[in-house]
Each structure stands twice: as C-alpha cells, then as structure tokens.
Amino acid sequence: MFNSQQLDNYRLSTPENIPATATESAQFGADQTGVQSMSQPSGSQAIDPYTAFPALVDEVFAFADSLYRAGYTDSATAYLERFRVIKPLWLQWERRADSLLNEFGKTRAEKSKQFDPMVLKIQNMNRAQSAYSLVAETADSLIALNPGDSLVNWANGQKNIAYTNTLQKARLELSEIRVLAEGHAEFNAAQAKLKEFQLRYRDFEDSLQTVALAARIAELAAVADSVAKDYWAKHDPAQALAQADTLTRQEKFPQAKELLNKLMFSNLRQQALEKYNALADAYCNKQRKVTSQLFTKSQKQKDEQNKKSLLKDAIDSLDNCLVEYPDYSQKQKVLDNMEFLKKELAK
C-alpha cells in the first residue's frame, strides 16, 4: 500500500487524478498559454504582458489553493516551489528585454533622422500658419512613409493644429462676405466672393456652412428684386420693424420673415438683421419644442408603426427649421438632434 506521501506524489504526477476544480484551473492556464503562443505570428494582435502575466500568476495561485483545499498539501507545496524557481528565468528575460530595447532605440533613432527634414517643414508651416491643405499634404506624405507610431500621431496632431488655424482665418473672411451681403446689399459681389471662398476652403464646408450662407444671399437678392426702389419712401420702416416684432411674438413667422427681409433694404437694415436673427431663434425653438413633444409621445407607443410615424414627424419638424433658416446660429445642435432621431427611427 502507498503511504500518504507516496499517494500525494502519485497524484501530483498524474493530473487526471487531481480534483476537478484543480484540473480546470490547470487547464485554464494551459489554454491561456496556447492562446498566447498562437497570438505571436506576424500580423496578429500582440499580447499585453502587463495584464497577461499577472493573470497567469493568479491562475498559479488559484491552482495551488485548489490542491491545498482538496487535501493535496504536498502537491500544492511542490507546485509553488516550481513557481518560485522561475526567478532566474525572469532575470534572464529582463536582461533580454533591456538588450532588445537598446537595439530598438538605436534603430528608431537612425530611422527618425531620415524624417527630420519633413518634420521641420511641417513645424515651420504651422508656425507660419500655412493653409491646412498644404500642411495636410505634407503630413500625409510623412505618414505614408510609415515612420512609426509616435511620428504618425505627431503628424495627425499637426494636421489638427493646421485645421484650427485655417478655420479661424476662414471664419473671419466669411464674416466679411456676410457683411457685404447683409450689411451693404452687394449681392453679386458677395456671391462671387463666396464661390471663390468655397473653392479655397472646400475641406471646411461642414464647419463653415457656406451652402447655407449662399442660400441666404440668394434669398436676399430675390427680395431686393421684388422691393420697389421707392417702397420705403411710401412706408415707415420703424412702424414696419415694430410690426415684425409683434408678428414674431404672435408666432406668425412667415409674415414676420417677409417683412424683415424687406426691411433689409431700408435705412433700418442693421435693426432688421437683429430682428431676423431673433425670428430664426423663435421659429427654430418652436420647432425643437414640437420635436421634443413628438419624441416623448413616440416613446409611449406600443404600436411600432405609430412610433415610427411620430419619429418621422419629429425629424420633419427639425428639418423645417433648417429649410426656413439654413444659416441658423444653432444649426449644429439641430443637426445633432436629427441624427439622434434618425438612429432611433432605424432601430
């Protein structure tokens, strides 16, 4: 017969006889090792040693504990002693890692030298606040050379800086075009400048909303053609301005808009513009309120078709705002709300 020590040693050397909890723990560790070895070939996702090693160590302790709780004390002891003798291997791995890091560092330093001219060029371009298109072209050329993660991230960051710089310049230029149309009624000149502007800043349409401004200039130009030259000689602009204010409060938005557009060609042009912007706010806030009510109602519907119908109406309500006032100051918020509702509708 075996004594307890012999029996324990026997069971340690034959894993199939170890209790299920311990065997499953060991199998997990084996599976993890297999996964790790499989993940090494080129092109596969790399393992994060910072999380993989601690997880594996936890499994070692869990397996040892399962042996101990099952009564296999000697097996648990022998298993942990095997774990402790890994220390020399760990020191060897550290030395190997240090050696490789040193080699990698030299290679990176040598490789980075060939990109120095392009890096310097991009830096100088951004210092001079060159156009975004020029900086982006040079940065993309650098990225295409596969210079390494750090330089790729740096190049993308420089593109963002250039985009911000160019956007600020573009907004100032666009405001001048807006003043030319709304402040001086020089529509032909404004439209010509805007077309040339759109060609130079084609990457900025979403941020600058140039299409909306083009629509507003065209609208004002059409009103100018319909307003007789002597119209305001026969009508009181101040009285018309007060009337437009009243119409806005009464939510008679189409009538208020028509009157304010005519007032753009009176001696109260600036006041009319301010009232126009207030009208756009009032109209779009009303549409957003309607949208909110429709959305709330849609969420209470059990019938899917009714829900979708209400969501469509909610989207249409927001769309009305952008149709009537394409250059509305809070346009982006409206677009974000529409995007949210479209996602709800697609569910």
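Two rings of Phe, Tyr or Trp count as an aromatic pair if their centres lie within 6.5 Å. Keep that in mind for this tour. The model on your screen is predicted.

**Stop 1: the whole chain**

Show the protein chain as a cartoon. It has 17 helices and zero strands. Now colour by burial. Of the 347 residues in the chain, 31% are buried.

**Stop 2: aromatic pairs**

Select every Phe, Tyr and Trp. How many aromatic pairs does a search of the whole structure find? The search finds 15. A pair of rings is described by the distance of the centres and the angle of the planes.

Zoom in on Phe61 and Phe83. Their rings form an edge-to-face pair, 5.5 Å centre to centre, with 70° between the planes. Phe61 belongs to helix H3 (residues 49-69) and Phe83 to helix H4 (residues 73-84), so this pair links parts of the chain that are 22 residues apart.

Next, select Phe197 and Tyr201. This pair is tilted: 4.6 Å centre to centre, 40° between the planes. Phe197 is buried, with a relative accessible area of 0%. Tyr201 is buried at 11%, because the cut-off for buried is under 20%. Together with Phe197 and Tyr201, they form one aromatic cluster.

**Stop 3**

Which residues does Phe197 contact, leaving aside neighbours within four places in sequence? They are Ala170, Glu173, Leu174, Ile177, Leu208 and Thr210.

Now widen the view. The largest nonpolar core has 64 residues. Among those with the most contacts inside this core are Ile177, Phe197, Leu208 and Tyr325. Helix H8 (residues 149-183) gives the largest share of the core, nine residues. In soluble globular proteins, nonpolar side chains tend to be buried together.

**Stop 4: charges over rings**

Select Lys257 and Tyr325. The charged end of Lys257 sits over the ring of Tyr325, 4.8 Å from its centre. Then select Arg216 and Tyr276. Here the charged end of Arg216 sits over the Tyr276 ring, 3.6 Å from the ring centre.

**Stop 5: helix H17**

Select residues 331-346, which make up helix H17. At 1.5 Å a residue, these 16 residues should span 22 Å. The end C-alpha atoms are 23 Å apart, which agrees.

Which residues of H17 are buried? Colour Lys331, Val334, Met338, Leu341 and Glu344. They cover an arc of only 140° around the axis, so they lie on the same side of H17. An α-helix has 3.6 residues a turn, so residues three or four places apart point the same way. Turn to the other side of H17: Lys343 and Ala346 are exposed there.

What do the buried residues of H17 pack against? Show helix H11 (210-226), helix H15 (269-299) and helix H16 (304-324).

**Last stop: Arg249**

Select Arg249 in helix H13 (residues 237-249). Arg249 counts as exposed, at 59% relative accessibility.

Definitions and conventions
Residues numbered from 1 in each chain as written. Predicted model: local features only at pLDDT ≥ 70, side-chain atom pairs only at ≥ 80, totals over all residues. Heavy atoms only, no water. Core = buried A, V, L, I, M, F, W, Y, C linked by side-chain atoms within 4.5 Å. Buried < 20%, exposed > 50% of the residue type's maximum accessible area, 1.4 Å probe, protein only. Helix = DSSP H or I, 4+ residues; strand = E, 2+ residues; numbered from the N terminus. Contact = heavy atoms within 4.5 Å. Phe/Tyr/Trp six-rings, centres within 6.5 Å; stacked < 30°, edge-to-face > 60°. Lys NZ or Arg CZ within 6 Å of the ring centre and 35° of its normal. Expected span 1.5 Å × (residues − 1). Arc of directions from axis to C-beta.
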